[in-house]
Amino acid sequence: FSPIGEVKRFIDILALHKLNVFHWHLTDDQGWRIEIRRYPALTQTGSVRRGTVVGDHRTSSEYTDEPYGGYYTQDEIREVVAYAAERGIMVIPEIEMPGHAVAALAAYPWLGCAGGPYEVMRTWGVSEDVLCIGKESTLGFLKDVLTEVLELFPSEYIHIGGDEAGKQAWKSCPKCRRRMADEELKNEDELQSYLICRVEKFLNGHGRKLLGWDEIMEGGLAPNATVMVWRGEEGGVRAVKAGHRVVMTPGKFCYLDSYQDAPQFQPEASGGYLPLANVYSYDPVSPAFTEEEAKLIYGVQGNLWAEYIPTDEHYEYMAYPRLLAIAEVAWSEPANKSYPDFRGRVCREIGWLRDRGYHPFPLEQEL
């Protein structure tokens, strides 16, 4: 969680480098970060976890005993959206469903298959606790939440997540099994697709478009959905060949929470290795595409997940200068790119950022 002053500082750099979309991830298992007036417990309960895992969540059993939280009021949301719009940037919100929803379940246990109790997660990773799709009240909740979200964000797209949903609970939930039988759904993938299609119909009915991670293709893709591809590039090829718009953001090239130098000399990160040169080398348009298909590649995105980023200074360290490479990947023809030229320009830009109080990675020390 970052206060809006830090969010605005980030938007300033996006604007400077012609990055014209700010994708704002506002809900997850570890915290709900947006005020929804109809459901006050989302922020009263869901915005705070009672502690946080220390070290690598895959091996650690140690937790802090300090509560961690924060959320944006609707007035603050409007302030950020207006600030970004003045700089030519569209803000796209992400409201996760049906997985990554434990914070919402902690606030309103009736949203889950088991009915609780649930606790805002203190660790990272994927939870098997997900929204119950068998209950019509769950769909009502999502429509209520999205109604308020639409009032705050004028963006063409609304991101609904759809990633990493544990589906085990649906296998034993009587309500979900009944929904599957009533709708003649073959498996849990199709059950998730049922939810995504219903949400898409709601968004389309309000003049908006649905955007989701590439898992929304499992079980059948909602007819008008745009896919954000993160698990390699193959999903993007499949979506384009099926006639869907795609935003490319594969982990191999676009996950800025990966190590950017030798891990033994870097602060703890989520894993992986993604130096500046690798980001710059990316071409989001597959050679498998025809000229018409290539037009369906709507954009490219750099992702910066903050599990192992405890401060705003560290956030800047991970983002800059790799985010500048994302900008050139997005706006430059591959034939016109030169990494030696880019690196020289970036070294000057790092000095500019430092002079203005930012904390970029010291590229001159890269091994």
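**View 1. Helices H1 and H13 are roughly parallel to each other.** Angles under 35 degrees count as roughly parallel, over 145 as roughly antiparallel, 65 to 115 as roughly perpendicular and the rest as oblique. The model is predicted: local features need pLDDT of at least 70 and side-chain atom pairs pLDDT 80 or more, while totals for chains, interfaces and linings use all residues. Residues are numbered from 1 along each chain as its sequence is written, and side-chain values use heavy atoms, without hydrogens and water. Helices (H or I, at least four residues) and strands (E, at least two) are DSSP runs, numbered from the N terminus. The axes of H1 (residues 4-16) and H13 (residues 312-319) come within 11 Å and cross at roughly 20°. Axes are lines fitted to C-alpha atoms, for helices over the stretch in contact, and angles run from 0 to 180 degrees between N-to-C directions.

**View 2. Residues at the contact of H1 with H13.** Glu6, Arg9 and Phe10 of H1 meet Asp312, Tyr315, Glu316 and Ala319 of H13, where contact means heavy atoms within 4.5 Å. These residues divide into 3 nonpolar, no polar and 4 charged. Ala, Val, Leu, Ile, Met, Phe, Trp, Tyr, Cys and Pro count as nonpolar, Asp, Glu, Lys and Arg as charged, and the others, Gly among them, as polar.

**View 3. An open sheet of 7 strands with parallel pairing.** The strand order is E1-E6-E7-E8-E9-E10-E11; two strands pair if DSSP finds at least two bridges between them. E1 and E11 (297-300) stand at the edges with a single partner strand each, so one side of each has no neighbour in the sheet. On average, neighbouring strands of this sheet are turned by 25° against each other, direction ignored. Helix H8 (residues 188-205) packs on the sheet and touches E6, E7 and E8 (209-213). The direction of H8 makes about 145° with that of E8.

**View 4. Strand E6 and its partners E1 and E7.** Of the 8 residues of E6 (residues 90-97), 7 are buried, that is, under 20% relative accessible area, with exposed over 50% and partly exposed in between (1.4 Å probe, protein chains only). E1 (residues 21-25) pairs with E6 in the parallel sense over 5 bridges, and Phe22 has Val91 as its bridge partner in E6. The parallel pairing of E6 with E7 (residues 157-161) has 2 bridges; here Met97 stands opposite Gly161.

**View 5. Strands E10 and E11 pair in the parallel sense.** E10 (residues 246-248) is joined to E11 over 3 bridges. Val246 stands opposite Ile297 in E11.
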